[in-house]
Amino acid sequence: MKSTLSGSAADALKTTISRQLLTCRTVTVGVADSEPKKNGHVWCVDVLPAIQQIRDVDGTRQYVDIPKLTNVPIVLPCSNALGLSITMPIKKGDELILLVSDRSLDNWQLNGGIQRPADETEIRHHDLSDCLCIPSALTIAALDTYNNSAVEIGSPSVNVTVTPQDVVINAKNVTVNAEQAVAVNCNAASIDCDSLTATTQTATIDAAASVDITTQAANISASATTIDSAVTTCTGNLVVTGSITGASVAAPAVAAGALAIAGVDLPPDHTHNQGTYTVTVDGSPVPVNGDSGVPQ
């Protein structure tokens, strides 16, 4: 036998169900009221719910603030097994998404793993005291534009952009700290900067095609530097402080008048006799032993 409710009974039932659903919280938004802090085995933050609660007082609708939620666990990607995680700065005033658990989180928050509900005598469910929060997942107020063709991490001035083909890093300073080694393998590498300083015990650059360095000044400070190349070309002036040691040095032929010392042209077959000579260094005569002296 089919039974039906009268209009007034149906309305009363709808009103009762609606009022019960008002106490069943699922997802809402909030504003951070603290910085991250450890509580139990998870990192948490205090949150002010951003949507006010509606109350009927003597037939008058009122909007009241919901009390602050303390120690709300932060949801971020991580792998406990591998010890890997991603952190996101959370400051007071940052917006958050609040996910309301269908059961109490107290025991799990303190101990982790599989736990019983906090209070077995009372089934607490969909309560704002059992929230998880996702940081800064709603508005991006600091960005003037939205990059819809790449993954972008950072701020408008400092960021890492990942596209299907490229990775671009924009920053005032970039620091790489490696306990053992840094390897860069590529077909071509280009460094364009005002000043480049490399301080190392061992440095290896292995490029299949070429390495281009364009800069105003480049300083390499190392205990030993080895250049293994079939041909090394220096365009411009070469200044050497110290000694050049080798089995032999081959130099191209120099046309007469192209190279002169003390006004004397050096022909291609120019040689020095063995003996002791005097050269002038900073305006003072200095004796030199060996194959050196006045051009012959």
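Start by selecting serine 104: at 14% relative accessibility, this residue counts as buried (buried means under 20% relative accessible area, exposed over 50%, partly exposed in between, with a 1.4 Å probe and protein chains only). Before going further, know that this is a predicted model, where local features need pLDDT of at least 70 and side-chain atom pairs count only at pLDDT 80 or more, while totals for chains, interfaces and linings use all residues. Residues are numbered from 1 along each chain as its sequence is written, and side-chain values use heavy atoms, with hydrogens and water left out.

Back to serine 104, which sits in the loop between strand E9 (95-100) and helix H2 (106-111). Those labels are DSSP runs numbered from the N terminus: helices are H or I with at least four residues, strands are E with at least two. Which residues does serine 104 touch, leaving out those up to four places away in sequence? Show Pro117, Ala118, Arg124 and Asp130; contact here means heavy atoms within 4.5 Å.

Now pick serine 101, found in that loop between E9 and H2 too. Serine 101 is buried, with a relative accessible area of 15%. Setting aside residues up to four places away in sequence, serine 101 touches His125, His126, Asp127 and Asp130. Look also for the backbone oxygen of arginine 103, which lies 2.7 Å from a polar atom of serine 101's side chain.

Then color cysteine 186, which is partly exposed with a relative accessible area of 27%.

Zoom in on E11 (residues 151-154) and E12 (residues 159-162), which are joined by four bridges. They form a hairpin with four residues between them. Glycine 154 stands opposite asparagine 159 in E12, and glutamate 152 has threonine 161 as its bridge partner in E12.

Methods: Two strands pair if DSSP finds at least two bridges between them. A polar contact is a pair of N or O atoms within 3.5 Å; within protein, one must be able to donate a hydrogen and the other to accept it, and residues adjacent in sequence count only if both atoms are side-chain atoms.
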